[in-house]
Amino acid sequence: MTVELKYYGHACFGIEGGGATLLIDPFLTDNPQATISADEVEADYILVSHGHGDHLGDAVAIAQRTGATIVANFEICNYCEAQGCEVHPMHIGGGWDFPFGRVKMTPALHGGQVAGKGAGGYTTVPAGLLLTLDGCGIYHAGDTALTTDMTLLEGQVDVALLPIGDNFTMGPEDAARAVDMIKPRVVIPIHYDTWPLIGQDPESFRARVEPRAEVVVLKPGDVYEF
Ligand SMILES: [Zn+2]
């Protein structure tokens, strides 16, 4: 089976796999890299790593329009459910077998605000997302610092989506160390070049990592199949 990974810029991906259309961290409105608008994207499930505006993004509006189920941690789901969305709450360390495959929430070290209209009372912790679908392990690290917890992912990840932007998350140097802990086959750098504060050269990241793993640099709009 082929899994299709569509990069929409920043940390946002569409995934076709496991017989479903997934969307991860749908920050499209106000995303200068976005190649699709929140009005035209489709989803059966929307996976959200954490509550910041550049990750929760348009999740509520897209779920309201498409009827997609939002998969996120308990607190973010409470907020989205209050906005009328279908939700599947999870939390760090927990996994669930969905019709398309398995999702497990992994720890991430980052901020916990939930950004959104009326979200003032909601705070939580951020997460990473470990997906297993069609026999492939995909790890979306969310926004995080380098943590030794990442060593626990070794052997489970074929394709790792790692932030390299620095300033708010791991930079190229720490992301390269994360590759050594996780040992994926392929790494796709994310969360860079959206704004000047996270400007990076993905080729310098490639030089740090290869040949220990293959670095696939996607431009917004690119599709990667495996
Ligand atoms: Zn972010």
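Ground rules first. Residues are numbered from 1 along each chain as its sequence is written, and side-chain values use heavy atoms, with hydrogens and water left out. Because this is a prediction, local features need pLDDT of at least 70 and side-chain atom pairs count only at pLDDT 80 or more, while totals for chains, interfaces and linings use all residues.

Overall shape. The chain has 4 helices and 14 strands. Those are DSSP runs numbered from the N terminus: helices are H or I, at least four residues, and strands are E, at least two. For 226 residues, a compact globule would have a radius of gyration near 17 Å; the chain has 16 Å, which agrees. That radius is over C-alpha atoms, and the globule rule is 2.2 Å times the number of residues to the power 0.38. Along the principal axes, the C-alpha atoms fill a box of roughly 45 × 40 × 30 Å.

Now the sheet. It is open, with 7 strands in the order β7-β8-β9-β10-β11-β12-β13, and the pairing is mixed. Pairing here requires at least two DSSP bridges between two strands. β7 (95-98) and β13 (214-215) are the edges; each has a single partner strand, so one side of each lacks a neighbour in the sheet. β12, residues 186-190, pairs with β13 in the parallel sense over 2 bridges. Val186 stands opposite Glu214 in β13.

Two helices pack on this sheet. α3, residues 172-182, touches β10 (136-140), β11 (159-163) and β12, and its direction makes about 155 degrees with that of β11. α4, residues 202-209, touches β12 and β13, at about 150 degrees to the direction of β12. Contact means heavy atoms within 4.5 Å. Axes are lines fitted to C-alpha atoms, for helices over the stretch in contact, and angles run from 0 to 180 degrees between N-to-C directions.

Next, the backbone. The peptide bond from Glu210 to Pro211 is cis, with omega near 10 degrees. Pro211 sits in the loop between α4 and β13. His10 is not a glycine, yet its phi is positive, about 60 degrees. You will find His10 in the loop between β1 (4-9) and β2 (12-17).

Last, the largest pocket. Helix α1, residues 59-66, gives the most to its lining, with 3 residues.
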